[in-house]
Structure formats: C-alpha cells, structure tokens
Amino acid sequence: MPSDKKRDFEPVYSRRADKKPHYKKKNRRRRRIVGWSIFAVLLLIIGGGLLWGYGAYKSAKKTFKQTYDSTNVQKERNVSSVIKQGKPLSILLLGTDTGALGRHDTGRTDTMIVATVNAKKKTIHLTSIARDTKVVVPGDTQPYEKINAAYTIGGAGTAVKTVQNLLDIPIDFYAIINMGGLEKMVNAVGGVDVKPPLTFNYGYAHVVKGHKTHLNGRQALDYSRMRDDDPLGDYGRQARQRQVIKHLVMKGLGITSLPRYKSILSSLNGNLKTDMTFDDMIAVRAKYGDATHHIKSQTLQGQNAMIDGLSYQVVPDNELLRVSNDIRKTLGLSESSKLKTQQSQTDSTTGYSTGGYSSTTGQSSAYNGY
C-alpha cells in the first residue's frame, strides 16, 4: 500500500470571538462538528453517534489524520465538486483477511463492497463483489486474477482501478479495514443484533435461522467469515457481511456517551486506511448523513468456472452491464456505453464465451436486501 501522505487540516468550523452563542445553538454546532462514530469507518459517511465537546473533535481529528492514505490514483471526477453539490457519492469498502486469527501479512480483500450514497433520495446502495471474480488487474503480469488479489498485487489503488475497470464506474473514495478491526469495532458499539438467514455453528458464532441473536465482536467476526457451510458459498457470506454493516449503522444512531466514543476511536488505530481526509468526512457527514434511513443491497452474480485447476466466478457480460447501469443510475450517470459495446460484441459472435474452460451456472443470492 502507498505510504501515508500527511496533510494539515484546518477545523471546518471555528468559534466566533465576537459573539457568545445561545446554549442551544452551541450544542447544535458541536453536534455538527463531531457527529462521527464507527460508521465513519465502515461507510465513512454513515454515522449516527454523537461525539460531544471540542475535546472529542480534536481526538477524532487526530485519529482520522492517522488513517489517511492516498492511493495516488487519479480520480475520474472532481470529488470536491461532487460533495459540494451534494451529488451521489461512491466508496469502495475493502475488508482484508489480516488482523484476525493471528495473521499479519498483507492478505487479500475477501470483502469488496461498492457503496453509493444519494443525499437527495436518502438512500445507500451496497453492491458486493465475490472474492473469486475473474478480472484483469492493471499492471499485473498475469492475464487474469481473482479480484481479491488486486490489493495484494498493488495495494488499495490497484483494487480501486480494478473495480473501476470491471464495472465502468467512478470510485470517489476507498476505505479498507482488517477483520481483526471489525471485531474491535463491533465491541466498541456494544455488539449488534442480527436475524440469521440460516442455522450454523462456526467458531464463536452459534445462530439459528430467523432467531434474533446478539453478537459481540468475536461472534460477529465468525458470523461474517463462515462460507463453507453456506449453500450459497461466498455469496451467502457477502449477504451476512452486509447484514452486519447495516445493523452496525443502525446501532450507531443511538450512540451518544463519551466512554463509547473513546472506545470507537481506539478501535480504529491500526485497523483503518482511507483516502478520505477528516475535512472530507466533516463535509460528507453534513451532506449525506441522513442516507442511513434506506439501505439496499445486491450482488454481482458470477458463474462457477474451473480454470487451470482453480475455481473462479466468471461474470457474464449481461450481468456486468446490469450491475454497472444500476450503480451508475444511483450515481446519476448515463448507462455504460463501454460495457454495452462489450456485450454486443460477445452476442454477435458466439454468445457467452467460456474461453475454453468448463463453466456451470452459479447459484443466485437468495437473501439480498437486508
């Protein structure tokens, strides 16, 4: 991953020296300034907990300055202008398999979610990408890879470029968190309540289908990791990961205590990297904070394929076009001409080509829309 590029950030809001504001106005200003919680980590613009007082503001600013890490990737559009105008925003959420079970290597991004946030419609759309999705990784010497290798090959910047190329969408920001950090963050918000889509026992997670269950950090980590016993495999795991994220968001709406805010900030140390500055977070929180009310989700659906003895998910062109256009629509962009041309070229030749390897239709995700 590229080295940290430190920046000096000036406070977005300053105290007025010539006036003593009314008590209620002062409290409202404080809530605007430091209205950040764990969901600045998970979705960066999805926060509900209140961090009270100027001391909290300074602590949050210090913490998030340490999380900043530029990808050195040229943005496909002027993100500052997008935020200023309150236009729909996109964030690539990456979860690495390091920091858990004693692992501390670079790891791969077993979780990849494109989050698009629409301030006017107050909606968030989460699109999951299977870790075994077959892609071309920019700058790689191999003709194709599994998409979860993009981060290992070139860091967050390469992961961003890979997703942009695959779906023909702009990625405005990225946020990467390790799985060990997820455990700490869930504990920091007091755990989450989920309604499992299936019954299973995995590590510390013991859940029954349809029965509301409270999970602490260790349990939530195992709940999010299990895939071998899920009939939908990685697609089922993606759905449970989105479920945990959604309930973390909703849980955060009630967080107001100083002790909890300190635990939240502590859980971020060494566990989060993002190319969103603290000033970006403050601006985005003000514009997009109400989007937590409506969260929708979907999965980029591939087909099982064995290539050179390895299992991949190969996404048909029509599915790429469908998901691309869906995301582009949430961002207020026109339909993808690039992927439409790609599909037309495939249809005019041999239809969906397997390229000489065996392919079987993958199972569709049955529990979208948490």
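## Strand β3 and its partners

Seven bridges join β3 to strand β12 (residues 294–300), and the two run parallel. T123 stands opposite H294 in β12. Strands here are DSSP runs of E, at least two residues, and helices are runs of H or I, at least four, numbered from the N terminus. Two strands pair if DSSP finds at least two bridges between them.

Strand β2 (residues 109–118) runs antiparallel to β3, joined by six bridges. N118 has T123 as its bridge partner in β3. β2 and β3 form a hairpin with four residues between them. K122, in the turn, has a positive phi of about 55°.

## Basis of the model

This is a predicted model: local features need pLDDT of at least 70, side-chain atom pairs count only at pLDDT 80 or more, and totals for chains, interfaces and linings use all residues. Residues are numbered from 1 along each chain as its sequence is written, and side-chain values use heavy atoms, without hydrogens and water.

## Helices α6 and α7

Helix α6 (residues 179–188) packs on helix α7 (residues 217–225) at about 135°, with axes 7 Å apart. Axes are lines fitted to C-alpha atoms over the stretch in contact, and angles run from 0 to 180 degrees between N-to-C directions.
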